[in-house]
Amino acid sequence: MRRKKDLKNFKHFNPMALREKYSINKKNNYSSFWLDDGWDTTSSIFDDEVEVNKKPKVDLVALAGYRRAVSNFVSIVTGDSSIKVNFTSRDDSFTDGKEVTIGAKLDDKLFDSSVGLALHEGSHIKLSDFEFLRNLEMNTPKEYYNRAEVKGFSKFEILTHIKNLLNYVEDRRIDHFIFTTSPGYKGYYHSMYDKYFHSKVVDKALKTTEYTSKDWDSYIFRIINLTNKNTNLDALPGLREIRKLIFGTVKSMESTGAAFGIALQIYDIILNNIPDGTEKVNDETGEVTYEKGDGSDSPDDSDKLTDEEFNDLLNSTENDETSGVTGNSKSVELTPHQKIQLDKAITKQKDFVNGDVKKTGKLTKSNSRELKTIEASGMTYEEVGKGIGWNKKGVKCLVVKKLTKELIESSGNYEAGLNILSPYKYSKYYYDHNSDKQTGFVEEGIRLGTILGRKLQVRGESRETKWTRLDSGKIDKRLISELGFGNERVFNTSFIESYSDAFLHISIDASGSMGGDKWNKTMTSVVAICKATSMIQNVDVVVSIRSTHNTGGHGRNSSDKPLILIAYDSRVDKFSKVKNLFAHIKVSGTTPEGLCYEAIMNEIVPTTEDKDSYFLNFSDGMPMFSNKDIEYYHNDAINHTKKMINTIKEKGIKVLSYYIGSENDWDHESTIKDFKRMYGKDSEFVDVTSVLSISKTMNKKFLEKS
């Protein structure tokens with residue numbers, strides 16, 4: 001027979017404990033399965049290194065990814081994609097029946113609890129009748145007001161009582177629905193209750209004589225903790241009946257109205273056990289009122305247990321739902337400090353039941369605007385470069401899926417702005433000798449592209465060649481009448497000559513060394529290609545810009561990130577985007593070549609039977625990048641870039657790569673060798689005066705027939 005003291009060290013088998021022990025992400029065992037790959041749940045979204053007396057910067061890209069992931073789960077659980085998830089702009093909030101509000105501070109111990117709260121609130125939006133709740137006073141029968149007034153309660157207190165009971169019962173109804181229809185989400189709910197509802201001091205208090213008086217505070221404390229493993233159903237009369245009433249009917253409760261009916265039955269039990277108040281008559285008016293009694297009949301000869309004694313008590317008590325504080329030589333009472341802790345815990349529980357959860361991490365108006373800009377641009381983090389360098393963990397690459405006007409306007413901002421964007425036009429290099437005006441690469445590219453586009457318009461044409469009077473093929477209806485004259489060659493066949501569809505991904509190195517004439521002529525060629533293909537059919541063009549996003553620090557102390565911006569996608573964008581926004585793109589940073597390719601690898605369209613795919617690269621240097629997570633130089637960077645290019649080629653994509661340099665470059669021969677090592681033997685080394693011819697070469701490719 002195992003002795004009771006031995007039970008303190010006996011560990012019951014818990015499969016979730018195994019998951020927690022061996023999970024890579026021990027803090028967020030559920031969220032780690034669905035958060036974006038680039039979401040680092042082991043750290044805060046707030047910068048660790050900040051100046052004294054200054055608030056930490058918020059990683060709004062990470063925040064946007066978090067909201068996107070939570071929104072997806074709320075949509076899945078509720079089946080309603082219209083439910084919005086917002087961050088709070090104040091300390092607390094509640095579900096209003098239309099939107100879910102979560103806190104913006106994401107450095108809590110568990111993300112799972114925040115996810116659980118969002119799912120819980122989203123489920124209320126789906127299942128709760130908020131109109132019924134707003135009319136609670138009218139829906140409550142008058143008899144409950146009359147009975148409760150005799151106990152000494154005011155009308156406001158009575159409504160509060162019924163609201164609290166209804167909220168608790170409604171929560172059990174909501175949770176049961178989710179647990180039975182989506183059992184995979186239980187873990188998030190358990191994490192939510194652990195964070196916002198359960199506490200050690202409540203566990204202790206449930207085993208004491210605290211809140212055992214026949215009054216409202218005692219009943220509501222014991223009721224909202226009925227699911228606690230330490231609950232004592234003998235602490236108050238009627239608790240067993242209340243527990244059976246709630247959990248015996250939760251399966252059949254199909255509406256808020258049904259939950260309300262159960263709440264009224266619970267209130268009836270409570271009123272039956274709370275003593276009447278002391279009757280008082282106003283001598284002048286004759287009005288009769290009732291003063292509440294304390295309902296106390298608890299023993300007064302209690303001794304106090306220390307926190308250490310409480311821990312021993314909890315560890316030695318079996319986890320039976322009906323257990324109480326029995327068999328001890330002394331009754332249990334909390335210390336004054338423990339009572340203060342308990343009062344705070346009870347307030348927190350009541351706030352949770354009433355939907356007034358404190359949600360830490362308020363977004364300022366400025367951050368809210370920036371967050372909208374980030375979300376509109378589709379900014380995300382992608383984890384890339386794992387296994388490279390000293391860290392091996394890889395690095396976050398900032399992927400911006402859409403260039404927007406708002407993003408350009410915020411380019412000077414730390415959180416939302418990008419170093420390669422400027423609110424001012426960056427292209428003023430061409431000088432028009434026929435006038436006194438200067439013109440930028442956009443205007444010059446449009447002029448050149450218009451000329452090329454006219455030549456490419458033949459792509460929309462097809463030529464059909466037809467042969468008739470054949471022995472086989474398709475019957476030529478015009479020759480059927482000749483069958484009666486012994487002519488059996490009444491068949492025809494046709495051959496249609498046309499152009500296959502094409503997809504072109506143009507990737508441009510926007511590092512600082514690409515400035516000046518290199519950038520000007522490269523972008524002129526790119527604009528020309530975009531303009532020409534906008535005039536024809538069956539060719540899609542995507543333009544991506546590679547650089548780095550500077551956020552401070554140097555070398556291993558740097559928090560800079562590789563950056564790739566999708567500046568134009570003809571499948572979804574009009575050419576006016578090139579015309580209006582491309583002049584605001586500039587050079588900045590270094591060259592995280594292969595890291596950027598890896599981040600958008602799944603976005604590059606492969607070659608198929610009916611589509612030819614091309615990958616066109618412009619660059620002027622070897623790949624290099626470093627921050628606190630990675631050192632991306634020399635052979636490591638070259639080999640990784642080569643690996644990414646080979647992956648692209650394995651998709652059947654034709655890679656056309658141009659190094660824009662000069663024979664006067666200090667390491668010309670070595671650079672050519674490394675460049676061809678990365679991009680293949682057919683990659684080319686061109687000087688800046690030859691860049692514009694690339695657009696003509698590319699357009700010739702589009703005139704090749706299938």
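User: Are F675 and Y679 buried or exposed?
Analyst: Buried means under 20% relative accessible area, exposed over 50%, and partly exposed in between (1.4 Å probe, protein chains only). F675 is buried, and Y679 is buried too. Both belong to helix α23 (residues 668-679), four residues apart, about one turn of the helix. Helices (H or I, at least four residues) and strands (E, at least two) are DSSP runs, numbered from the N terminus.

User: What kind of model is this?
Analyst: This is a predicted model, where local features need pLDDT of at least 70 and side-chain atom pairs count only at pLDDT 80 or more, while totals for chains, interfaces and linings use all residues. Residues are numbered from 1 along each chain as its sequence is written, and side-chain values use heavy atoms, leaving out hydrogens and water.

User: How many aromatic pairs are there?
Analyst: A pair of aromatic rings is described by the distance of the centres and the angle of the planes. Rings of Phe, Tyr and Trp (its six-membered ring) pair if their centres lie within 6.5 Å; planes under 30 degrees apart count as stacked, over 60 as edge-to-face and the rest as tilted. The count comes to 15 aromatic pairs. Y597 and F615 form an edge-to-face pair, at 5.3 Å centre to centre and 85 degrees between the planes. Y597 is in helix α21 (residues 593-599) and F615 in strand β17, 18 residues apart, so the pair links distant parts of the chain. F675 and Y679 form a tilted pair, at 4.9 Å centre to centre and 40 degrees between the planes.

User: Which residues form one aromatic cluster?
Analyst: The cluster consists of Y597, F615, Y659, F675, Y679 and F685.
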